[in-house]
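Subject: A structure for you to look at

Hi there,

Here is the structure I promised to pass on. Please open it beside this email and follow along as you read.

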Amino acid sequence: MYASQGRSASLGLALASAFAFGGSGVAAKPLIEAGLDPLHVVWLRVAGAALVMLPVAWRHRDLVRSRPVLLLGFGLLAVAGVQAFYFAALSRIPVGVALLVEYLAPALVLGWVRFVQRRPVTRGAAVGVVLAVGGLTCVVEIWSGLSFDVVGLLLALGAACCQVGYFVLSDQGSGDRAEGAEPPHPIGVIAYGLLIGTVVLTVIARPWGMDWSVLGGSAGMDGTDVPAWLLLGWIVLMSTVIAYVTGVVSVRLLSPAVAGVVACLEAVIATVLAWVMLGEHLSAPQLIGGSMVLIGAFIAQSATPKTSSGPVASGPGEGQAAGSDGRRGAAEEELSADRATT
């Protein structure tokens, strides 16, 4: 009975993480439409979360000496890069579409493994890639000549590429566990990633030029005015701090397969929330295509070789291990840090 209750609690944490990550775009888009630059919204999110996580960073300060490259990669790519591209995409295309394009990361990772590293991939992984790419053609309605903003789609693809860079970097140290080395503490990696991301984004976003008055006003959500500070609080506390922490805990308690399934719910949750709260409706072909992207992403991230010849990168699947939610294949399982999501 206690084991069953433990699994239920773990699944609940994973679902909570997916919900929190999925709500980030829905809360951020009204702030962008109210007058904040996408980069400023990203800076507020990352800087606010970094401030909350400062005690954690201090507790795991040994990571600065033992894993400097990993921390830099996480901060530059998984935090600053993914979120900057994702939020910039939100300013031009619907939330659900941006996140679905980001879920092409598993296909891109497998492409890197197969064509750059020249390592074999499984047949299941190839099927996942085909499904994901085919689904994307439906999401963007390619038969209509890309009815969505092409720049917005490229920005979302940039977020996926940043995830790929982080996966590849993480894979370089994936043999530590097999050699008996202590893996880095995932929450410590997240804390320093947020700090490094804040420094990078401060230089890029230049927040001293931000229109701070927007935060004292309200932002519209499909005709309803919501205090801007409340949306920012959700982005910082729920969609970043709580989302990452609950995601890390759930990934450690759930199997990678279960965590991967739950992770894919992030895109579903984001699409539903955007539909209900922002009025961003998707057509039937787009919904079908989105389902194909998620199924393909899950197949790609879960298709691993049966031999012990080395890990095959396998992409999102986020508590992020994420969005996200147990989501990043072998390297993400070690770090338990994804999501990011987003």
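Residues are numbered from 1 along each chain as its sequence is written, and side-chain values use heavy atoms, with hydrogens and water left out.

**Confidence**

pLDDT is the predictor's confidence in each residue, on a scale from 0 to 100. The average for the protein is 77, and 74% of the residues score at least 70. Please take care with residues 304–341, where pLDDT stays under 50. The model has 188 contacts beyond four places in sequence for that stretch; a contact means heavy atoms within 4.5 Å. Where pLDDT is low, the predicted coordinates should not be read in detail.

Two packed helices are described by the angle between their axes and the distance between the axes. The axes are lines fitted to C-alpha atoms, for helices over the stretch in contact, and the angles run from 0 to 180 degrees between N-to-C directions.

At what angle does helix α5 pack against helix α10? The angle between α5 (residues 68–90) and α10 (residues 186–205) is about 60°, and their axes are 7 Å apart. On the α5 side, the residues in the contact include Leu70, Phe74, Gly75 and Val79. On the α10 side, they include Val189, Tyr192, Gly193 and Leu194. By class, this contact has 15 nonpolar, three polar and no charged residues. Here Ala, Val, Leu, Ile, Met, Phe, Trp, Tyr, Cys and Pro count as nonpolar, Asp, Glu, Lys and Arg as charged, and the others, Gly among them, as polar.

α5 also packs with helix α6 (residues 95–102), at an angle of about 145° and with the axes 9 Å apart. This crossing is right-handed too. Val82, Tyr86, Ala89 and Leu90 of α5 meet Val95, Ala98, Leu99 and Glu102 of α6. The classes here are seven nonpolar, no polar and one charged.

**The core**

A nonpolar core is a set of buried Ala, Val, Leu, Ile, Met, Phe, Trp, Tyr and Cys residues joined through side-chain atoms within 4.5 Å. Buried means under 20% relative accessible area, exposed means over 50%, and partly exposed is in between (1.4 Å probe, protein chains only). The largest core has 92 residues, of which Leu36, Val41, Tyr86, Leu90 and Leu194 touch the most other members. Its largest share, 13 residues, comes from α5. Beyond four places in sequence, the contacts of Leu36 include Val41, Leu44, Met210 and Val214.

**Some single residues**

Is Ala159 buried or exposed? Ala159 is buried, because its relative accessible area is 0%. This residue lies in helix α9 (residues 150–171). Beyond its neighbours within four places, Ala159 is in contact with Val82, Phe85, Tyr86 and Glu102. Its C-alpha atom is 8.9 Å from that of Ala89, which is 70 residues away along the chain.

His60 sits in the loop between α3 (54–59) and α4 (63–66). With 14% relative accessibility, His60 counts as buried. Apart from neighbours within four places in sequence, His60 is in contact with His185, Gly188 and Tyr192.

Tyr192 comes up again with Trp58, a residue of α3: the two are 134 residues apart in sequence and 9.2 Å apart in space, C-alpha to C-alpha. Trp58 is exposed, because its relative accessible area is 59%.

Finally, look at two loop residues with positive phi. Arg206, in the loop between α10 and β1 (218–221), has phi near 50°, a positive value in a residue other than glycine. Arg206 is exposed at 52%. Asp222 is in the loop between β1 and β2 (224–227), with phi near 55°. Asp222 is exposed at 51%.

Enjoy exploring!

Technical notes: Predicted model: local features only at pLDDT ≥ 70, side-chain atom pairs only at ≥ 80, totals over all residues. Helix = DSSP H or I, 4+ residues; strand = E, 2+ residues; numbered from the N terminus. Left-handed = near helix turned anticlockwise from the far one by under 90°.
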